[in-house]
Amino acid sequence: MKEQDNTKTSVTSGRHISSWLASSEPFVTAPLRENIETDVVIVGGGIAGLSVAYSLMQAGKKVVLVEDGNIGSGETGRTTAHLVCALDDRYYELQRIFGEEQTKHIAESHKAAIDFIERTVSYENIDCDFERLDGYLFLHPTDKEESLGKELKAAQKAGVEVVELPVMPGIKDPSRSLKFYNQGQFHPLKYLNGLCKALQERGGRIYTGTKAEKIDHKGIVTGDGFSVKADFVVVATNTPVNNKYVMHLKQYAYRTYVIGAKVKKGSIAKALWWDTGDFSQNADIPPYHYVRLQKLDNEYDLLICGGEDHAVGLVEENKISEEDRYGLLEYWMRQRFDAEDVIYQWSGQVMEPMDSIGYIGRNPKDEPNVFIVTGDSGNGLTHGTIAGMLITDLITGKENPWEKIYDPSRFKLFSAGKTYFKELIGGMINYLKQKPKDAKSVELQSIKPGQGKIVEIDGKKFGVYRDDKDLFHMVGAECTHLKCIIKWNNDEQSWDCPCHGSRFTKEGKVMNGPANRDLAYYTDKTNEEAQANNKNL
Ligand SMILES: Cc1cc2nc3c(=O)[nH]c(=O)nc-3n(C[C@H](O)[C@H](O)[C@H](O)COP(=O)(O)OP(=O)(O)OC[C@H]3O[C@@H](n4cnc5c(N)ncnc54)[C@H](O)[C@@H]3O)c2cc1C
Ligand code: FES
């Protein structure tokens with residue numbers, strides 16, 4: 001498996017390297033080193049930020065994009081890159097929440113996003129393995145028989161090209177399936193690199209290694225103290241780091257897991273596959289599996305299987321640790337596909353909105369020239385592309401039929417109901433459990449090398465990580481977003497916040513927002529003491 005030193009957040013947000021990072025060149029520029037002005041400043045160099053920047057440039061706007069790490073070091077570098085209008089939250093649910101007319105617009109927007117990517121790949125001549133292919137949704141054994149029929153009817157009503165089949169090609173599972181025509185897939189980082197090149201060739205400015213530390217309606221100020229003044233500001237940081245409360249009460253962060261196994265070229269017909277989700281897990285969003293192929297070399301393809309999701313920091317509920325999820329995934333894969341060695345594993349983060357659809361538009365309770373993109377769910381590549389089209393229309397003053405649907409100010413709590421409350425309450429209970437008064441402090445000596453734990457010292461909580469050389473690394477345990485207590489993720493060797501999904505390295509550096517400030521990090525003193533005494537602090 002490919003791993004990185006996770007102090008290098010510029011590469012990717014975790015220890016494991018995805019197959020995309022391993023098979024593409026990182027796009028890196030010089031950081032911003034002067035004060036500049038532009039029409040639009042965009043924060044975040046993932047699919048959302050780059051799609052917005054590219055579309056605005058096509059509409060004649062001057063754009064500046066700043067990215068904390070490299071291009072694609074966020075979740076776009078850890079995705080699986082299915083491009084679909086077969087959405088991961090069912091069409092019958094969308095019709096219940098949004099009604100039939102709006103659901104048609106939702107389907108149409110995702111189809112338009114795939115078309116947009118296809119056109120751009122061709123127009124810009126981007127070599128990113130884009131291809132059209134069909135996708136198959138099949139019943140998880142724990143799901144009700146009738147759910148496929150319900151989805152077929154609802155998706156057809158929404159204008160999606162889909163039929164029911166008695167079998168499913170390419171997979172050992174004999175289940176019935178729905179065949180969704182004309183979906184897509186690509187190599188996400190090669191696509192981003194192509195957008196960057198097109199942007200730069202036409203005057204767009206990109207600064208990697210540049211963190212937007214202060215963001216308001218006038219522009220941004222970087223961690224190094226340089227400013228970008230702009231007429232419009234777009235925050236595309238996956239979860240908005242400029243929004244303290246409102247948006248983080250409307251979405252919840254999940255972790256999701258991926259393995260990549262070698263399969264002989266041509267042994268499995270190319271397609272996308274998804275099951276309907278494991279209803280036995282008593283989760284409000286039943287974790288589902290998602291599978292595709294990607295070319296590896298002349299002899300083999302990579303079978304990329306994802307799934308085994310859980311709310312960030314909340315693995316206790318079903319007692320399966322983060323690192324054990326890959327084994328489950330492999331077991332599931334081997335029952336259905338003839339694959340050889342597993343050569344990749346990685347995990348990533350998805351933001352689940354309370355009512356299933358992303359948030360794209362004006363930042364609530366902010367000035368009207370500040371925009372956000374978030375709440376992508378498992379369809380962030382099309383959502384990010386929709387953001388490019390929609391935010392460009394909003395900024396250039398064009399009407400867009402999707403504006404209301406994706407408006408971040410919408411609030412559909414009562415219709416969303418069940419899907420959301422449990423996670424919110426779960427996060428709060430977790431927070432309460434961790435209040436110092438109730439907490440059991442753990443002695444440092446009980447921490448095994450390579451592991452982290454929350455420890456209470458003098459009434460204050462710390463996240464303590466013990467490395468392989470027996471040195472302790474301590475971070476303040478209060479998340480810098482809204483002070484929930486972080487938890488150790490042994491799989492990606494990171495500190496994860498169960499409230500809204502912020503993640504930090506073992507040295508306390510932010511890897512995922514909404515937190516935008518690092519945790520306090522204590523090391524020298526701790527290490528000296530640990531080495532000298534090898535006993536509790
Ligand atoms: C395992 C996995 C599988 C998935 N599969 C699919 C799929 O098959 N199809 C699909 O459509 N979607 C899928 N998704 C979802 C999709 O990948 C994401 O929703 C999407 O990539 C998010 O893109 P983004 O641009 O919003 O965020 P990101 O790609 O995370 O980009 C945000 C960027 O902002 C930067 N940033 C953060 N804070 C700052 C700051 N203060 N200053 C400057 N820069 C900052 C980060 O470094 C990061 O690069 C999957 C996600 C995962 C994790
Ligand atoms: S992410 Fe909101 S408190 Fe940690």
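1. Contact here means heavy atoms within 4.5 Å. By that criterion, Ile391 touches Val52, Val234, Ile360, Phe371, Ile372 and Val373, with residues up to four places away in sequence left out of the count. The structure is a predicted model, and every point below should be read with that in mind.

2. Overall make-up. The chain has 537 residues, of which 61% count as buried. Its secondary structure consists of 12 helices and 25 strands. Among contacts with a separation of 6 or more, 70% are between residues 24 or more positions apart.

3. Nonpolar cores. The largest nonpolar core holds 85 residues. Ile391, described in point 1, is one of the members that touch the most other members of this core; the others are Ile42, Tyr91, Phe180, Phe186, Tyr191 and Tyr406. There is also a second, separate core of 22 residues, and Phe138, Ala261, Leu293 and Cys305 are among them.

4. Helix H4. This helix covers residues 100–123. After H4 comes Asn125, which has a positive phi near 60°.

5. Buried positions of H4. Which residues of H4 are buried? They are Thr103, Ile106, Ala107, Ser109, His110, Ala113, Ile114, Phe116, Ile117, Thr120 and Val121. An α-helix has 3.6 residues a turn, so residues three or four places apart point the same way. The buried positions can be followed along the helix with this in mind, for instance Thr103, Ala107, His110, Ile114, Ile117 and Val121.

6. Aromatic pairs. The structure holds 12 aromatic pairs. One of them is formed by Tyr54 and Phe116, in an edge-to-face arrangement with 6.3 Å from centre to centre and 85° between the planes. This pair links distant parts of the chain: Tyr54 belongs to helix H2 (residues 47–58) and Phe116 to helix H4, 62 residues apart. Both Tyr54 and Phe116 are buried. Tyr252 and Tyr254 form another edge-to-face pair, at 6.3 Å centre to centre and with 75° between the planes. Tyr252 and Tyr254 are buried too.

7. Charges over rings. Two lysines deserve a look. The charged end of Lys150 sits over the ring of Tyr92, at 4.2 Å from the ring centre. Lys262 has its charged end over the ring of Tyr300, 4.4 Å from the centre of that ring.

8. Backbone geometry. Most residues other than glycine have a negative phi, and most peptide bonds are trans. Where does the model depart from this? Ala81, which is not a glycine, has a positive phi near 65°. Ala81 is in the loop between strand E2 (63–66) and strand E3 (82–83), and it counts as buried because its relative accessibility is 1%. Lys483 likewise has a positive phi, of about 75°. The loop that holds Lys483 runs between strand E20 (472–476) and strand E21 (487–489). Buried or exposed: how does Lys483 count? With 52% relative accessibility, Lys483 counts as exposed. As for peptide bonds, the one from Gly513 to Pro514 is cis, with omega near 10°. Pro514 is located in the loop between strand E24 (510–512) and strand E25 (521–522).

9. Asn243. This residue lies in the loop between strand E10 (227–235) and strand E11 (251–264). Its relative accessibility is 5%, so Asn243 counts as buried. The Asn243 side chain reaches the backbone nitrogen of Val246 at 3.2 Å. Apart from neighbours within four places in sequence, Asn243 is in contact with His248, Asn363, Pro364 and His481.

10. Ser24. This residue is in the loop between helix H1 (19–22) and strand E1 (36–43). Ser24 has a relative accessible area of 15% and is therefore buried, since the cut-off for buried is under 20%. A polar atom of the Ser24 side chain lies 2.8 Å from the backbone oxygen of Trp20. Setting aside neighbours within four places in sequence, Ser24 is in contact with His187, Leu189 and Lys190.

Methods
Residues are numbered from 1 along each chain as its sequence is written. Chains are lettered from A and ligands numbered from 1 in the order in which they are written. This is a predicted model: local features need pLDDT of at least 70, side-chain atom pairs count only at pLDDT 80 or more; totals for chains, interfaces and linings use all residues. Side-chain values use heavy atoms; hydrogens and water are left out. Helices (H or I, at least four residues) and strands (E, at least two) are DSSP runs, numbered from the N terminus. The expected span of a helix is 1.5 Å times one less than its number of residues. Buried means under 20% relative accessible area, exposed over 50%, partly exposed in between (1.4 Å probe, protein chains only). Rings of Phe, Tyr and Trp (its six-membered ring) pair if their centres lie within 6.5 Å; planes under 30 degrees apart count as stacked, over 60 as edge-to-face and the rest as tilted. A charge sits over a ring if NZ of Lys or CZ of Arg is within 6 Å of the ring centre and within 35 degrees of the ring normal. A nonpolar core is a set of buried Ala, Val, Leu, Ile, Met, Phe, Trp, Tyr and Cys residues joined through side-chain atoms within 4.5 Å. A polar contact is a pair of N or O atoms within 3.5 Å; within protein, one must be able to donate a hydrogen and the other to accept it, and residues adjacent in sequence count only if both atoms are side-chain atoms.
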